[in-house]
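Visitor: I would like to learn how to read a model like this one, feature by feature. Could you take me through it?

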Amino acid sequence: MNHLWRIYLFFCLLSLPALPALAAQVMVAFPQPTITAGSVVQMKVYFHNEGQSPDTFIIPEQLQLFTEDNQEAPRILSAFSNINERNVTLNPGQFMVQTYNLALPSDLATVFSFTLAGFPDSTYTTLISPPQAIPDQPTTSVVTTEKTDKQPSIRDLQSLYRPYDANFSPHEPTYFVVGTDPAKSKFQLSFKYRLFNPSGSLSRSYPWISGFHLGYTQTSYWDLAADSLPFEDTSYKPELLYLSSNLNFRPSWLDAVFIQTAVQHESNGRGGDSSRSTNYIYTKPIFALYDESTRLGVMFSPKFLYYFNNDDDTNPDLSDYRGYIDLEVKVGKAQSLMLTTNTRFAKKGTSFQADLSYPISRLLGNNFDIYLQLQYSNALAESLLHYQERTEALRLGIALVR
């Protein structure tokens with residue numbers, strides 16, 4: 001487990017698209033003497049360092065529970081907590097307790113069994129009492145619960161009706177950066193959605209299928225110098241992607257090796273002579289190193305592309321400008337400064353982009369969870385519309401995911 005938390009911490013640093021994971025061993029307990037279906041209850045989660053040296057654990061704000069309560073299919077419940085300090089250092093044998101609020105469906109069985117996401121071998125069982133009506137009320141649809149220290153939040157209640165929210169996670173970086181030439185401003189948003197329930201029967205029989213995701217990335221080039229602030233061009237990139245778990249067959253000196261592969265479509269959504277579109281299959285091995293003593297991490301990820309069904313009318317030679325090989329390198333310190341570079345090799349020339357980011361929360365008393373981002377780009381085919389042109393730009397802005 002000591003080895004696993006270091007890998008997870010490194011990928012939090014690099015914002016890689018990985019499933020949520022915990023480093024510590026955990027134990028779940030309900031402090032209430034009775035638990036009532038249809039109520040919001042407090043759940044105590046104990047995080048325990050079973051290693052031989054002090055470790056810094058990342059305590060999640062949200063936990064997922066996969067129920068096994070004789071329904072037709074397992075359900076996903078989400079428990080939430082207000083985390084004051086996400087990074088907690090525990091000495092060997094030391095533990096901490098975090099309280100989570102869990103909204104229970106009203107139709108739970110008498111025996112409530114669940115598995116905590118990330119710990120498939122840990123199953124917990126507790127007794128559930130049926131919903132109880134409040135006396136002297138005209139309806140029996142209102143239920144009572146033991147009074148807790150915290151009233152349920154909107155997320156507590158929404159988890160009853162939106163149990164799949166936790167399947168969403170970051171994909172590529174999400175940012176908004178303004179150019180020193182405002183006509184070259186840019187923003188990007190990206191996310192992915194996990195298709196298979198990792199605690200479902202299929203994933204238990206074939207664990208590898210939980211790596212399938214639907215992904216979406218949108219990159220827009222915004223001319224902030226023009227009077228009407230028009231968007232010069234936008235690339236829409238839906239994809240079906242697969243992200244492997246950490247591979248076991250790797251050299252001992254490597255902390256992690258992942259494989260990401262996808263079928264992706266890219267177009268700018270225009271018609272006529274301005275239309276641009278292409279499709280490609282890519283494979284992206286990801287190699288990661290992390291040093292525990294310095295908290296420094298390095299990631300290398302070459303990307304190999306194969307184009308198909310390219311639009312031969314409006315962008316027949318796109319691959320000459322985009323190329324078939326990208327190389328992404330990330331270097332940084334956990335919860336601190338990080339440099340990301342991306343180099344593309346193409347027949348018409350090499351393209352380069354560098355992003356330097358720093359968490360603003362470190363400058364503002366841990367109150368503002370965004371990054372300050374500086375981006376330099378010198379690239380061919382940065383946008384689809386002007387793919388035969390080279391763009392050089394220096395941009396400054398903020399990032400939500402780096």
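Visitor: What is the mean pLDDT of the protein?

Guide: pLDDT is the predictor's confidence in each residue, from 0 to 100. Here the mean is 84, and 85% of the residues reach 70 or more.

Visitor: Where does pLDDT stay under 50?

Guide: Where pLDDT is low, the predicted coordinates should not be read in detail. It stays under 50 over residues 1-22, where the model has 67 contacts (heavy atoms within 4.5 Å) beyond four places in sequence. Residues 134-149 also stay under 50, with 22 such contacts.

Visitor: How many helices and strands are there?

Guide: Helices (H or I, at least four residues) and strands (E, at least two) are DSSP runs, numbered from the N terminus. The protein has four helices and 22 strands. Among contacts between residues at least 6 apart in sequence, 58% join residues at least 24 apart.

Visitor: And how many of the residues count as buried?

Guide: Buried means under 20% relative accessible area, exposed means over 50%, and partly exposed lies in between (1.4 Å probe, protein chains only). Of the 402 residues, 49% count as buried. The accessible surface, from the Shrake-Rupley method with a 1.4 Å probe and, for residues, only the protein chains shown as cover, comes to about 20000 Å², and 57% of that belongs to carbon and sulfur atoms.

Visitor: How many salt bridges does the structure hold?

Guide: Side chains of opposite charge can pair when their charged atoms come close. A salt bridge is a side-chain nitrogen of Lys or Arg within 4 Å of a carboxyl oxygen of Asp or Glu. The structure holds six. One of them pairs Glu 382 with Lys 186, with the closest N and O atoms 3.5 Å apart. That pair links distant parts of the chain, 196 residues apart: Glu 382 is in the loop between S21 and strand S22 (390-401), and Lys 186 is in strand S12 (residues 185-194).

Visitor: Which other residue forms a salt bridge with Glu 382?

Guide: Arg 395 does, with the closest N and O atoms 3.1 Å apart. Here the partners are 13 residues apart, with Arg 395 in strand S22. Arg 395 is buried because its relative accessible area is 2%, and Glu 382 counts as buried at 10%. Through shared partners, Lys 186, Glu 382 and Arg 395 join into one network.

Visitor: Is the pair of Lys 284 and Glu 328 buried or exposed?

Guide: Both Lys 284 and Glu 328 are buried. Their salt bridge has its closest N and O atoms 3.3 Å apart.

Visitor: Why does Gln 373 count as buried?

Guide: Gln 373 counts as buried because its relative accessible area is 3%. This residue sits in strand S21 (residues 371-380). Leaving out residues up to four places away in sequence, Gln 373 touches several others, including Tyr 175, Val 177, Leu 356, Arg 395 and Ile 398. A polar contact is a pair of N or O atoms within 3.5 Å; within protein, one must be able to donate a hydrogen and the other to accept it, and residues adjacent in sequence count only if both atoms are side-chain atoms. One of 2.8 Å joins the side chains of Gln 373 and Asp 355.

Visitor: Which residues make the nonpolar surface patch?

Guide: Patches are made of residues with over 30% relative accessible area and no salt bridge; like charges are joined within 9 Å, nonpolar side chains (Val, Leu, Ile, Met, Phe, Trp, Tyr) within 5 Å. Leu 195, Phe 196, Leu 202, Tyr 206, Trp 208, Leu 214 and Leu 240 make one of about 680 Å². Trp 208 is in the loop between helix H3 (201-205) and strand S13 (212-222), and is partly exposed at 49% relative accessibility.

Visitor: What is phi in Leu 229 and Asn 309?

Guide: Most residues other than glycine have a negative phi. In Leu 229, phi is positive, near 50°, and this residue lies in the loop between S13 and strand S14 (231-243). Asn 309 also has a positive phi, of about 50°. Asn 309 is in the loop between strand S17 (296-308) and helix H4 (318-322), and counts as exposed at 63% relative accessibility.

Conventions: Residues numbered from 1 in each chain as written. Predicted model: local features only at pLDDT ≥ 70, side-chain atom pairs only at ≥ 80, totals over all residues. Heavy atoms only, no water.
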